Amino acid sequence: MSVTKWGLMALMLISLGTRAEDLDLRLSGLDDELEDNTQVYLDQLPAIEVEQFSRFKRQITTAVTDSLQSLGYYNPEIELIQSEQNPARVTVRVNAGEPVRIRTLNVRLEGDAETDTAFADLLGNFAIRQGEVLHHNQYETAKASLLSLALRRGYFDAAYRTSRVRVMPWEKAADVDLSFDSGPRYRFGELMVDSDRPVDRLLEPLVDIKPGEPYHASRLAELSRSLSSTRYFKQVEVLPRVVDADEQQRVPLSVVLRARADNEVEVGVGVSTDEGPRVSVNWEKPWINSLGHSLTTSLKVSAPSQDVTLVYKIPRGHPLEDYYTIQGGYQRLDQDDTVSDRLVAGVHRWNIQENGWTRDVFLRSEYESYTQGEQEDTSFLLIPGATFSRTRVRGGLDPYWGDAQTATLELSEPWWGSDTRFVRFWGRSKWLRTLAEDHRLLARAEQGAVWVEEVEDLPPSLRFFTGGDTTVRGYSYQSITPLDENGDRLGAKYATALSLEYDYRFAPKWRVATFVDSGTATNDYQDDWKVGTGLGLRWLTPVGPVRLDLAFAVSEEDTPWRLHFTLGPEL
């Protein structure tokens, strides 16, 4: 090959390996929203080589102008200054000038929306107002809000007759004219159910939508949530069939339901300081018959306890709010000074009220054979009682606000067959409040009391103990209780536990905590209360918070310490 050809090839390779330097556009003169928006527009420009600067000046200026006009600034002064020392650096100096403001805002409603108070409320809080800067995104948001409200409330023929913005930059003014015709409001029509199981008896208390009522999408969402929450169905679809509406604007509703499997098994594992590793197995028959009966059986196994429970559910009316359960179970407990075999059977009547409270009225029988310290005995009890509970949470798995209350009252009398006469009460309340974005307070109060002649007349399951992960940290599980002369735990007539905790979020998924707990289990409140305090770490996971606490039993000599580990919701 000739020298000339080799030279040409070398020049070609050098030209391919050399790339001209791109312009570095630096924005000056703007702040906050104007700066951020203009930078977005500039970043969308293609790479511009230094030699192409003169050809792209208009495109750069247009990008800046468009970004400012979208925020209502139509009279900017733009200067492009190329550095003499570094030609690749170009300063985009901008003076935004005075903004264009909405001089007149004319919004007209036509159709049935004229008398709909929801539209009046929306216009009272409209996204744009007379006298404000013309922000085009806010203008589009305002337009979309009318259409969105119309669709939610059944105005399926709604449309804009006029949507016009006249901008007069020289007057720094804009006139907005909107004419919105909602047309007629549609109504609910007949319910068309497609199900693979007979569901007429179940749907009757769940469906509160009557044909002829004004359409509202939230009513369909509520029905869909209710059907899903029953746990009878793996697939729930509730859809309006607008295209099939009749001349009276009645929209038929399509409900598609597919039942869950006849048998479902769920296996779970967990661990806590109180119980150590534990395994659970749940077997559920979610659909036994057309009346909505269901059956759940669970097995829970840990080192100190083994528990088998059976729950048969019978809807009385609304399957989520009014039902019976027939419950039975066996529990084996071998922990510290307690060895107990307990058989339980009972009937419960459940009612969930509109204010969120759940009422459980029950009649329970239980037989327990036990050893508590030096005491060996058996007990048969027939116990009527009631439990009231409520949990309110805002924020999902990582709540920022919430509270939970529960209270149980139980009775027993020898004249109806029980071995012991007593009245027993137990209650607990928890609160969670966020003081600022990253600061939370958690408080807990717990009280138990049983009125009985001698605490030894009660089986261990009805006596009171405290201490552990969820009561007084720094102490082992149920270790706070009166002791006999041999140092064995006896259980008590009364128990009180209080807790206050402060959490600080130092990373998106992590919190650090400090806490103080105090409590006692006693027969006369003459004993000293136990106090535990310490530090904790919280890790927010998709299944709930993982809590690790280093707690010190400051009421004891030498201040012993314990690690507490728990997984699960805080309320």
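**Ground rules**

I number residues from 1 along each chain as its sequence is written, and I use heavy atoms for side-chain values, with hydrogens and water left out. Since the model is predicted, local features need pLDDT of at least 70 and side-chain atom pairs count only at pLDDT 80 or more, while totals for chains, interfaces and linings use all residues.

**Entry 1: helices α4 and α5**

I took helices (H or I, at least four residues) and strands (E, at least two) as DSSP runs, numbered from the N terminus. I looked up α4 (residues 117-124) and α5 (residues 136-152); their axes come within 11 Å and cross at roughly 160°. The α4 helix is therefore roughly antiparallel to α5. For this term the angle must be over 145 degrees; under 35 is roughly parallel, 65 to 115 roughly perpendicular, and the rest oblique. Axes here are lines fitted to C-alpha atoms, for helices over the stretch in contact, with angles from 0 to 180 degrees between N-to-C directions.

Next I listed the contacts (heavy atoms within 4.5 Å). On the α4 side I found A118, F119, L122 and L123, and on the α5 side S145, L146, L149 and A150. Sorted by class, the contact has seven nonpolar residues, one polar and no charged. In this sorting, Ala, Val, Leu, Ile, Met, Phe, Trp, Tyr, Cys and Pro are nonpolar, Asp, Glu, Lys and Arg are charged, and the others, Gly among them, are polar.

**Entry 2: salt bridges**

I counted a salt bridge wherever a side-chain nitrogen of Lys or Arg is within 4 Å of a carboxyl oxygen of Asp or Glu. The count is 42.

I looked at E366 and R342, whose closest N and O atoms are 3.0 Å apart in a salt bridge. E366 is in strand β16 (residues 358-372) and R342 in strand β15 (residues 338-352), so this pair ties together parts 24 residues apart in sequence.

E410 has a salt bridge with R364 at 2.8 Å between the closest N and O atoms. E410 sits in strand β18 (residues 401-412) and R364 in β16, so the parts tied together are 46 residues apart in sequence.

E410 also meets R424 in a salt bridge, at 3.5 Å from N to O. R424 belongs to strand β19 (residues 422-436) and E410 to β18, so this link spans 14 residues in sequence.

I noted that shared partners join R342, R364, E366, E368, E410 and R424 into one network.

**Entry 3: buried or exposed?**

I used relative accessible area: buried is under 20%, exposed over 50%, partly exposed in between (1.4 Å probe, protein chains only). R424 and E410 are both buried. E366 is buried at 2%, and R342 is buried at 18%.
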